[in-house]
Every structure is written in structure tokens, then in C-alpha cells.
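Open the model in your viewer and keep the selection panel at hand. The tour has two stops.

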Amino acid sequence: VRPAEKAAALLVRGPLERDAWPEFADEAFVAEVRHRLGEVGAELASSGRCFVARARELPDEAGFEPLFRLNTVELAMVAALYLYLRYEPRQRATNGIEVDDNPSVDVEDIVRAFPSRSRDYLQKVLTRLKRMGFVRRDHDRLFAGPYLAALDDIAADARADQLLERFLRRRYLRRLEAEEAGNDAPV
Amino acid sequence: METERADAPAPPGSRSTDGTGTAPPASSDGGQLPRGPLPRDNAAADDALPSVAELLAHRAATGDGVAVVGGEEAEARRVFEPRLRSPERETPLPEVDRALEFLKLFPAIVRGRRARFKIALLRTLQGSGSGRWKLRRLQQVVHWLEPHSTTELVGELREAGVLEFDDVRRFYRLTPEARVVTAILSALTIRELDPRRVIKLLNVAIRLALESGAGARAAFEGFASAVAQLRADEEELERLIDDGAEDALLEAAELVSHHVEDMQDLLDEHVTFRAQHADDPDFLQLEQDALDLVPRLGKRAALVIRMLTERAEQRMRGGARVDRADIREFLAQAEDLGILAGIVAGLAAPPPFLPGLNGALALDLLEVESGRVRPEPPPLPEPEPVERLVPPPRYDPTRELAGELFALAAPTPVTDVVVRESWTTAVRRHNALVDAYSRRNLELPALEHEDAVDEPRRFGVWRISRSTIRPKEPRP
């Protein structure tokens, strides 16, 4: 049995594959790993196939400038990836529709979602997200990386539900208005 | 605190039938009230509603309430007198002053601990059918109250001018003002206001203002309040469309529908009033707002109800869900990346690690890298003089055929020029002929076309358009 200390030390350097680490079945082991990660401001998360350590949100501190901080465009792109690769498949599953085990999205779908930004810049953002483990790329298809899969889906889904519900309502109302305007129009 | 009831002159609102302006006391035996101060337990709390300053001072002392106010501040508020920024004649105050004697009937009835008894007593009298009562009869009518208590309450109401006493015939009756006040209080004896009835009630208030002669301003204010309610409805509806639960949104839409209907009734009912004030720009603007809001808001509420109904039906059929096309459209219209980023803000934490570096290995690799020589391309060969070669003659069937054409001495059918040796040769010569005339039409002998067709029937050629090549005449 490998020590929890080693697992924690590895986790702050990269994901651990679940199959290769049966020790995580032991609650005491997991608690110890959590404790060790917590000591350095990180937390343990599971992404299905592997375990990852992610930086915990910390308040700003004078004289401290984090090396890694996602900017707005990066966060927005993570959100777009989340909607395609996590949220929408879960919606399908909830409705009893068959879901691809490893959902993917075309790079073009992501790039076109940000028309105000240049393609070069968006490709760089994608590369950065890939390096950070949020996304995997296979030619023109993007797949969820371990850090996207480890995202707190309950909280994220609630926010996505709210935004999409607003969007769907507004769109529905616009369609009804257009429909009624069409009906009211003189023949 | 002593009550001044026994010796003080009757309040301005009270009436006497002898014209003296003072109301005689009543008692249970002959309509006369007992003289002297009322029992201490009732009088102390019933003289006045506690003022705001008193309440604040009490809160300051007890720590109760939101604002804690010191004693000096409470005292300052006690003597506080509101100051105007505009001339008084430009404020509603003169109208209020004129109505103050009437309006004072409300606090005379509703203030104090015994307010509930006084209101209930007046309601009972209002509904008793008789317009006047001897005290004994009055005590019988208010059968639910102990007679002595009835006598005390009647005395207070008489002093407040709510009840009138005829000291000749020894009976009490409700003053006309008291009847109106009692009717209004009865109408408002409700547990809580149903929000759906707000505009309906405002309409009633407008009607009351117009009927009572309170003036156009009072009606105008009621109208403005109704329009303000519709505006608030619209804001609330839009807010709930964005962020509200479906049941809350449906409830709001239904409420709006009620309000719109009531507002339409209000507009229809007061059409004369509206016409009379059409030259008032403020009222005109208000009316325009109402006329704009009613159809717009009514339509909006109806659409929201329809949307919620249809979407609920879709869900019942299992058809309502978010698909990729929805997400694509949602992302395309999301102009504010901050809102989109908000979905994962605080959740999408980056990994905590940096690549670990081995210093010794790094230096070794540096040495390896710095020792590498950039590869160079092989040297170029020395230059050599180049021998110029005459290009071999190129077979040009077009030029060759053109030479044949120039050599013709007499008019010759194209068939004779083209059809030679084999089908392949004939096709090549025909192509060369066409090419030659395409390029050098002016130099070559004239080519005359005819409608007829030649049929050489040799070398695989069956038919060919009849054309004749006519050599040019030699120039003199």
C-alpha cells in the first residue's frame, strides 16, 4: 500500500488514474490525502477516471500574485466546453436519451461562440486550457479533460439552468410574439 | 395622564341638537353618561396612538427595532416640525386642511386599545336598520357588549363627533360623516389586501373622490397610483421571466392579467373624467402611459401564460430539454462573456502544480544543448559555362497544313485537303485546318462555306460540311 503522502505529492503535479490507485477505496487514505492537500490550499476532486488536485479559491492577499488564474475569456471558454461536454449530455441522460460515453465537440463550435475574438487568440486559449487539463484535443474534436470533469456539476448546473432557462424563455416569447404578429398582419 | 373628557368642550366634530355646540354626557339610566374621569386602565392608553417619536424613543430604550435612537434624538423628533420647500398653496396641504375635521374621525375611531370595540360597535349600529337609538335600545342592539362598556364607548364616540346626541328627544344617531367613515372602515375590515384587487380598489377610491367632491386632484392621484401599479407589474414580470420560478412567474402573469382588466375597466368607467382633463399635459401623459401599458402588458402576460402552458405540455411529452442547437444559439447571443464565465466562476480552479525541475539535469541538458552545432547545408557546386543547343524542330501540324493551303493553285474542296490515309489522319488534318483558320484567317486562302454536305465515304469519313478553299489572286 502506497502512502497517502505520496499520493498527495503526486496529485499536486498531475492527475492520478483511478484504476492505478486502488488505495483511494480506503476512506482513511482519502481523508489523509484531503488533509495534506488542504494544508497547501488545494482540494481533492474526482473526475470519474482519475483523481485531481485543484487549487482552492483563496481570498486576495497583499503581495501575492497567483501564477495561474483563469481570465474572463478562459473562464467563458471553460463554461462553453462545460455546456457541450458535461451539461448537455447530462440533460440527454436525464431525458432517457442515449449518451455518448465520451462526448466531444467540434473546435469550430467553440471558436464560433466567441465572434469578438480572433481565431488565433482563441486557439491559444484552447491550448492553454489543454495544458491545464480542462480539455483534450484530438484533431478537430475536443473532449473533457480531467479538470473539466472534476468541476462541481451541481453548482455549475444550477447556474447553467438559470441562464439557459432565461434564454429559452426569452426566445420562446420572441417566437410567440413573432407568431402572433404574423397572425395579426393583414392578409 | 389625565383625560380631559369630562370638562373639556366637545370636539369640533361633535354636534348637539340645541345649537350650543357642547354635547351633554349620557348615562345608562336616562341617556346621560357618568361625569368624571374614565377608569384609569382604559383612559391611559386610549388617548392617542403612540407617535413615531415615542416609538423610536421606546425602541432606543429597549433596544427593540432596527434603529436605535438616543434620548436626545427622540426628544428632537418629538418637537420636529416639517418644513416646506415650496409655497404651501402649491402642496396638497390646503386640501388636506379643509378635510382635516372629517379625516380626524378615522383616528378618533381606530386609535387606541379600544379601537376594535368602537369599530365593531359602529358596524353593528350601521347594520341595525334604525337611524336613532335611545341608550337602552342601543345597548340592546349591541347585545354582544356589556351595557356599561357600551355606555363608555358611546360617550367616547359622541365626544369624537362620531355619534350625535339629541338632548331633547334623548336619542343617539350616527352623523352622516360617521356613516361614511364606518362604511369605509367596514369595507376595509379585511385580513389582508388581495393584491389582485388593488386597481379595482383604486378605481373605487377614484369614484369615491369624484362623488364626494374631493376634487380632480384626488382622482388624478388614484389614477397615477393605478398606472404606477401597472409599471411595477411590468418590472416584476420581466424580472421573473429572467430569474423567477415558473409557478411564481405564472402567478405574476395572472395577477398582471387581473390588473390589466381592472385598469381597462377603470379607463372605461372614467371616460368623462378623462375627457374633462384632456388639456392637462400631466394627466394626458399619464393617460397615454395607461393606454400604452394596458395592451402591451396584457399581451405580455397572455404570452407568458401561453409559454408556460406550452412548455409544461412539452415536458409532459418528454420533448422539452436543452440540446446542442440551443447551446449553440445561447453561446452565439451571449455578448457578455462575464455572464458566461459566471457559470464556472469559482468552480473551475486551475491545477495547482508547476512542472518540477531537476537543477542538475537542467544544467546537463544546457551543456548538451550549448555544445550542439547548428547543421549547415552542403556547399554549392562551382559554376560551369553552359552550351547553347539549338532546339530540335517541333512538328506543328497547323503550320504544315497552312503551308499546304498556301501552295494550292486552284479552288479545292476541303474534303480533298482533309480526307487522307485514315480516319485518324483525317481528324488530325481537320483539327489543324480549324486551328490554322482560327489563327491566320486573314493570311490564308479564302474559305467559302456552303449549306450542302459532301459525302467522301473513304478512309472512314462519311460526311463533311462542304467548303471550298479559294487561293488568293496574285497581286499585280
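Select the lining of the largest pocket: 19 residues are nonpolar, three polar and three charged. Here Ala, Val, Leu, Ile, Met, Phe, Trp, Tyr, Cys and Pro count as nonpolar, Asp, Glu, Lys and Arg as charged, and the others, Gly among them, as polar. A pocket is an open set of points on a 1 Å grid over the protein atoms alone, where a 1.4 Å probe fits, with protein on both sides within 12 Å along at least five of seven lines; lining residues have an atom within 4 Å of a point. The volume, the space filled by probe spheres set on the points, is about 970 Å³. Centre on L103(B), L208(B), A209(B), S212(B) and A214(B), the closest to the pocket's centre among 25 lining residues. Now colour α10(B): this helix (a DSSP run of H or I, at least four residues) gives the largest share of the lining, seven residues.

The model is predicted: local features need pLDDT of at least 70, side-chain atom pairs count only at pLDDT 80 or more, totals for chains, interfaces and linings use all residues, and side-chain values use heavy atoms, without hydrogens and water. Residues are numbered from 1 along each chain as its sequence is written, with chains lettered from A and ligands numbered from 1 in the order in which they are written.

Next, show both chains. In contact (heavy atoms within 4.5 Å) are 49 residues of chain B and 63 of chain A. Zoom to R300(B) and E177(A), whose side chains form a salt bridge at 2.7 Å, N to O. The rule is a side-chain nitrogen of Lys or Arg within 4 Å of a carboxyl oxygen of Asp or Glu. Eleven salt bridges are counted between chain B and chain A.

Technical notes
Helices (H or I, at least four residues) and strands (E, at least two) are DSSP runs, numbered from the N terminus.
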